[in-house]
Amino acid sequence: SLGDDPPRLLTTEGTENGMTHENFQFLRIGGVWHLLSTDYKPHHAWLYRMEGDPGRDESWMTWVDGRQLAIPVEAWNTVDVDNAAALLDLTAEDGFFYLIYGGKNETRVDEFTGSAAHERPWPRGWNRLGLARSRDLMTWSVPGA
């Protein structure tokens, strides 16, 4: 067990991100463990790097160099740009990282209750899937751009 405390998610400036995070994905990039998560509100994909030896339990509780991925805003994802993202490293095959993510333009206030536990849960159905790619995890492009 790693304990009851949440992991430390530090930005490139070395400070706590300060947002709530969800949708965690652990992946190795260039032999180094990384953590992709969604912060909210609003929902954006953030990528962090493990600091320390992955063989030590405490290393899984501190992630550094966190930065928001610069996914382009399109006509369909102006409110949630890159929610619940998944990152694929296909650099060995074609030189690109790919990000699959959800986005939307609105949350209808008339149907929003604020909690999935209420009788009328959070509204669903306005999300669309997006795909972006990058050679360096910094500059992202989308199909047709």
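Select R135 and show its neighbours: leaving out residues up to four places away in sequence, R135 touches D94, G95, F96 and F97 (contact means heavy atoms within 4.5 Å). You're looking at a predicted model, where local features need pLDDT of at least 70, side-chain atom pairs count only at pLDDT 80 or more, and totals for chains, interfaces and linings use all residues. Residues are numbered from 1 along each chain as its sequence is written, and side-chain values use heavy atoms, with hydrogens and water left out.

Stay on R135 and pick F97 as well: the two are 38 residues apart in sequence, yet 6.1 Å apart in space, C-alpha to C-alpha. R135 sits in the segment after strand 8 (strands are DSSP runs of E, at least two residues, numbered from the N terminus).

Is R135 buried or exposed? R135 is exposed, because its relative accessible area is 55% (exposed is over 50%, buried under 20%, partly exposed in between, with a 1.4 Å probe and protein chains only).

Next, select strand 4, residues 44–50: six of its seven residues are buried. On one side, strand 4 pairs with strand 3 (residues 32–40) in the antiparallel sense over six bridges; pairing takes at least two DSSP bridges between the strands. Click D39 and you'll find its bridge partner, H44, in strand 4. Three residues lie between strands 3 and 4, which form a hairpin.

Now colour strand 5, residues 62–68, which pairs with strand 4 in the antiparallel sense over four bridges.
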